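This briefing is for a reader who is new to the structure shown below. Please look through the sequence and the model before reading on.

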Amino acid sequence: MLDVLTGFVTELRAAGLPVSMTEAVDAAEAVHHIPLEDRQALKYALAATMVKSSAHWKAFDTAFEVYFAIRPPGATAEETGAAYGDEQGADGDEMAELSGAGRGRGGAGGQALSAEELAEMLFRALKSANDAQMAALARQAVTRYAGMEPGRPVGGTYYLYRTLRNLDLDGLLRRLMEAARQEAGGVLTPLEERLATDEFRSRLDRLRRELEDEIRRRLVADRGAEALARSVRKPLPEEVDFMHATREELAALRRAIHPLTRKLAVRLARKRRHGRKGPLDFRSTVRHSLSTGGVPVDPKFRYPRPAKPEIFVVADISGSVASFARFTLHLVYAISSQFSKVRSFVFIDGIDEVTRFFDGVDDVAEALHRINTEADVVWVDGHSDYGHALTVFWERWGEEITPRTSVLLLGDARNNYHASQAWVVQELRHRARHVYWLNPEPRAYWGTGDSIVGEYAVHCDSVVECRNLRQLEQFVSELT
Amino acid sequence: MTGGEGDTTTGALGFPEPGPPRFASVAEVREKLDASGYLADDGIAGVVHLADRLAKPVLVEGPAGTGKTELAKAVSRITDSRLIRLQCYEGLDESKALYEWNYRKQLLRIQAQQLVDEPELDVPATTGRPRTWKALEEDIFSEPFLLTRPLLEAIRCTDPVVLLIDEVDRVELETEALLLEVLSDYQVSIPELGTVRAERIPMVFLTSNNTRELSEALKRRCLYLHLDYPSLERERAIVRTRVPGISDELADQVARIVRSLRTLELKKYPSVSETLDWARTLVVLGVQSIDAEQAKATLHVLLKYRSDLERAAKELSVAESSGSSAL
């Protein structure tokens with residue numbers, strides 16, 4: 001057990017979780033107090049002692065499933081299918097049918113179930129929310145569709161994709177909804193419709209998880225835990241690269257932005273209250289001196305007036321950095337209550353002010369959508385031209401920049417070999433309080449190809465690499 | 001002051017010996033919590049069980065209104081312990097959290113010394129008239145002059161105790177350090193008195209709303225429990241046990257609608273306590289089964305932002321168009 005545990009801890013650390021020595025010892029101690037045959041209890045015990053942030057749960061979950069996977073009993077896929085069929089044969093009529101079909105065809109050496117049978121039974125299992133049967137069918141589906149090849153060094157996403165494509169979950173959802181409607185006598189109220197959809201979605205999600213688990217189990221059996229753990233390792237949410245995030249990761253990042261801004265706001269408010277004290281508050285000092293017989297023992301000070309900086313955000317929203325710019329706009333707007341004035345501009349080769357899209361809008365996502373569709377940012381061909389965009393910015397809005405303004409420039413400075421017009425940034429620097437440049441590219445790529453970030457960098461207060469949430473958070477906390 | 005723990009605080013592996021276990025198994029924790037009206041899942045029960053066995057504090061984190069504080073209360077109920085609560089806030093310091101010298105009483109003592117010839121003080125420490133400064137100092141820095149605050153009280157208490165340190169993320173990073181000695185060694189050092197050890201290791205729960213990252217040092221000393229919004233089945237069960245007179249059908253509908261709402265992008269998701277409020281509202285209104293109109297009319301119990309309300313109302317009826325297009 002200790003060997004497995006040390007291997008597991010090593011894997012967690014490799015995945016980026018900060019597991020300290022004492023925590024590992026705690027985990028070992030905790031394992032003594034739980035029944036080892038209870039896999040779920042083991043999981044919670046390890047999580048409670050070693051995972052100290054909810055954002056790390058997914059990484060832990062993946063590693064756990066790999067390291068403490070249930071080994072499938074059979075050696076080959078067909079045998080496995082039949083064995084499972086036998087095991088759960090007592091699960092009612094449908095199960096008997098399933099295992100019967102499995103055995104019959106398995107004996108003949110062919111496929112366990114035909115595609116139509118499988119789809120039909122899956123449909124019925126989903127409709128009646130029969131978890132045991134769903135798990136059995138997931139195994140069948142993986143056997144049939146995933147086409148797993150032993151020894152291939154992949155993480156399983158490919159197999160999952162193949163299985164899902166064949167199962168056609170969207171089609172299943174439609175059929176399920178159809179069935180629900182018929183049961184209700186033809187028509188569902190909008191509310192019922194919505195609830196039914198959500199219910200079936202969650203069942204389909206469960207099916208997807210079953211499939212994932214099954215594929216992972218087989219991969220572990222094939223290649224061993226350590227090899228697989230390496231290939232299924234994913235970056236932690238705060239380290240996901242903005243530029244290369246998958247769709248699910250993007251959604252997760254968007255959800256993470258909100259608590260992040262709350263944290264920042266709290267930190268800002270605190271800094272103000274506990275920072276440098278203002279001038280002596282005479283009235284309060286005298287009032288408090290009464291408790292010490294009129295001797296002003298404890299002088300009171302006024303709180304300093306908060307300095308509310310103005311912020312101008314100038315963001316490149318061309319294809320190459322679009323997702324990054326969206327995030328930053330998200331963030332800037334979420335903390336805009338902290339600043340007296342936030343104005344935002346977006347550009348590709350033309351530039352447009354988009355502050356108005358945020359005014360009086362509660363929903364940032366909607367504002368972003370309007371920016372993407374309505375803002376006038378294309379001048380010639382829709383390829384980034386920093387030089388032109390900056391010149392226009394200077395001509396139209398340069399006057400409004402004051403010594404209280406901080407200018408944030410967001411982009412990768414890949415200028416398609418246009419003129420840089422770096423003098424604009426120099427002028428900005430003269431007039432504004434600070435000029436910062438956030439670059440979503442890895443530092444190693446700066447200045448390669450058509451990247452001219454170096455030309456602008458000499459005029460900026462600082463140029464910051466900003467590729468993930470952690471770096472973004474760090475920058476904003478230093479800014480304020 | 002050193003309690004009976006002196007010889008047993010370090011076990012074979014350097015862990016504090018937890019004393020007689022409060023629970024026999026995870027299943028027992030779960031049953032007892034269920035019986036007390038707190039529906040736990042395996043994770044919650046498992047962590048409570050471990051906290052008891054390992055004598056470690058539990059750091060409970062999660063969105064507001066998912067039953068973090070309630071868990072500590074439930075555990076104190078099922079273990080027949082006293083609940084000592086330390087509500088954290090900005091500016092909390094050791095005189096509010098640990099202990100304080102009762103300086104008024106100390107002053108009085110000194111003045112009494114000067115004035116009264118034959119003092120009849122209820123201070124048992126001396127023969128009644130300490131003449132030297134040293135004797136006086138020992139006298140006024142003794143237990144009768146000590147005001148215990150929640151942390152010290154939990155440590156000194158001889159009865160079983162559950163200590164709840166609520167919203168620990170509200171104190172400053174520096175103040176967090178105050179907690180460390182109590183949480184890892186269950187002792188408090190008072191310079192004038194010496195070290196106070198726990199007579200009996202209390203169960204400790206810390207809750208956090210995650211408004212800031214807690215320090216590594218604090219996290220390391222705790223077991224971590226993340227309380228998220230409950231699953232559909234659990235929420236339904238919670239509604240059924242906590243709302244008297246609700247029908248199974250209504251409870252099911254309530255839980256399902258709340259789940260749907262949580263899939264939307266809202267400013268603030270409905271919490272479990274708000275779900276319960278909503279269910280109670282519906283019961284009071286005599287609703288048997290919810291339709292869209294009733295849902296919309298009472299949504300303000302669940303959602304507290306205007307934009308959230310509008311969005312939810314829209315989403316609950318938008319399904320119509322997407323549904324009919326699927327037809």
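What share of the 480 residues in chain A is buried? Buried residues make up 35% of chain A, where buried means that 20 or more other C-beta atoms, placed from the backbone, lie within 10 Å of a residue's own. This is a predicted model, in which local features need pLDDT of at least 70 and side-chain atom pairs count only at pLDDT 80 or more, while totals for chains, interfaces and linings use all residues. Residues are numbered from 1 along each chain as its sequence is written, and chains are lettered from A and ligands numbered from 1 in the order in which they are written.

**Confidence**
- The model scores ipTM 0.79 and pTM 0.74.
- Chain B has an average pLDDT of 80, with 86% of its residues at 70 or above; pLDDT is the predictor's confidence in each residue, from 0 to 100.
- Residues 1-16 of chain B have a pLDDT below 50, and this stretch has 20 contacts in the model beyond near neighbours in sequence. Two residues are in contact if their C-beta atoms, placed from the backbone, lie within 7 Å.
- In residues 319-327 of chain B, pLDDT also stays under 50.

**Sheet of chain A**
- Chain A has 21 helices and six strands, taken as DSSP runs (helices H or I of at least four residues, strands E of at least two) and numbered from the N terminus.
- Its six strands form an open sheet in the order E3-E2-E1-E4-E5-E6, with mixed pairing; two strands pair if DSSP finds at least two bridges between them.
- Strands E3 (351-353) and E6 (462-465) of chain A are at the edges with a single partner strand each, so one side of each has no neighbour in the sheet.
- Strand E2 (residues 341-347) of chain A is antiparallel to E3(A) and joined to it by three bridges. Phe345(A) has Glu353(A) in E3(A) as its bridge partner.
- Helix H18 (residues 386-397) of chain A lies across E1 (310-316), E2 and E3 of chain A, at about 40° to E3(A). Such angles run from 0 to 180 degrees between N-to-C directions of axes fitted to C-alpha atoms, for helices over the stretch in contact.

**Nonpolar cores**
- The largest nonpolar core has 130 residues, and Val47(B) and Leu223(B) are among those with the most contacts inside it. A nonpolar core is a set of buried Ala, Val, Leu, Ile, Met, Phe, Trp, Tyr and Cys residues joined through C-beta atoms within 7 Å.
- Helix H11 (residues 190-223) of chain A gives the most to this core, with nine residues.
- A second, separate core of 54 residues includes Val313(A) and Ile401(A).

Note on methods
Buried ≥ 20, exposed ≤ 12 C-beta atoms within 10 Å, placed from the backbone.
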